[in-house]
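Here is a short tour of a protein fold, from a definition to one helix and then the whole chain. Please have the model open as you read.

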Amino acid sequence: MLKLYDFLPSGNSYKVRLLLSQLAIPYERIAVDILKGETRTPAFLAKNPNGRIPLLEIAPWLYLSESNAIMVYLAKDSALLPRDPWHYAQVLQWLFFEQYSHEPYIATSRYWIALLDKEREYRDALAEKRAPGQAALRIMNQHLAHHDFFVAGRYSIADIGLYAYTHVAPEGGFDLSAYPNILAWLDRVASQPAYIDIRQVPH
Ligand SMILES: N[C@@H](CCC(=O)N[C@@H](CS)C(=O)NCC(=O)O)C(=O)O
């Protein structure tokens, strides 16, 4: 059985939990507390030298890290990852966008504010994250003005990848009310079959 090394509040981990739920793939969840440094122990670093969750154990000592790579691996041959090269590449385009232009700003702000509770301490760094985070939201909002979902007019792992940190962006100080197309899309994602909440412990 697959094993997922997981931290409940992590949006990156949530992508994988949500996808596993929607693909109805059974797995064992292994809780790792990143706030206690549990991804930096020698035992964990032997599994993932990058010291981060999510981490998927596919077979004994066969580990896959990076949330979006894990999603591509799991969603292969499912309706959540288009097969034709154009749409497949568009999914990757949005997943790379998420990791380079969205997550470093929105997820990091949320981490400092909501998980570490250090908004004052990180005030200057938070200010620097603001404009690029808003730019990412603007780009998403523009795309969603003409598309119900990010790729090929249907729900895919591109949506899961972007949903994970967008729906909790207010926890990072990003007000979503200026982005009505994003708000409507968040509802569409949350109404997909087998949707789970980010803080819902899977059984
Ligand atoms: N690019 C990676 C980022 C993973 C990541 O940043 N994980 C964080 C939690 S969201 C983590 O494990 N932090 C613990 C640490 O760095 O010690 C992915 O998409 O999976």
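A residue counts as buried when under 20% of its relative accessible area remains, as exposed over 50%, and as partly exposed in between (1.4 Å probe, protein chains only). This is a predicted model, in which local features need pLDDT of at least 70 and side-chain atom pairs count only at pLDDT 80 or more, while totals for chains, interfaces and linings use all residues. Residues are numbered from 1 along each chain as its sequence is written, and side-chain values use heavy atoms, leaving out hydrogens and water.

Let's start with helix H1. Helices (H or I, at least four residues) and strands (E, at least two) are DSSP runs numbered from the N terminus. H1 is mostly covered, with 11 of its 12 residues buried; among them are Tyr14, Lys15 and Arg17. Their cover includes the elements below, where contact means heavy atoms within 4.5 Å.

| Element | Residues |
|---|---|
| Strand S1 | 2-6 |
| Strand S2 | 27-31 |
| Helix H3 | 67-75 |
| Helix H4 | 85-115 |
| Helix H6 | 157-166 |

Now for the whole protein. It has seven helices and four strands, arranged from the N terminus as β-α-β-α-β-β-α-α-α-α-α. Its radius of gyration is 17 Å, close to the 17 Å that the globule rule gives for 203 residues, so the protein is as compact as a globular protein of that length. That radius is taken over C-alpha atoms, and the rule is 2.2 Å times the number of residues to the power 0.38. Of the 203 residues, 47% count as buried. Among contacts with a separation of 6 or more, 68% come from residues 24 or more positions apart.
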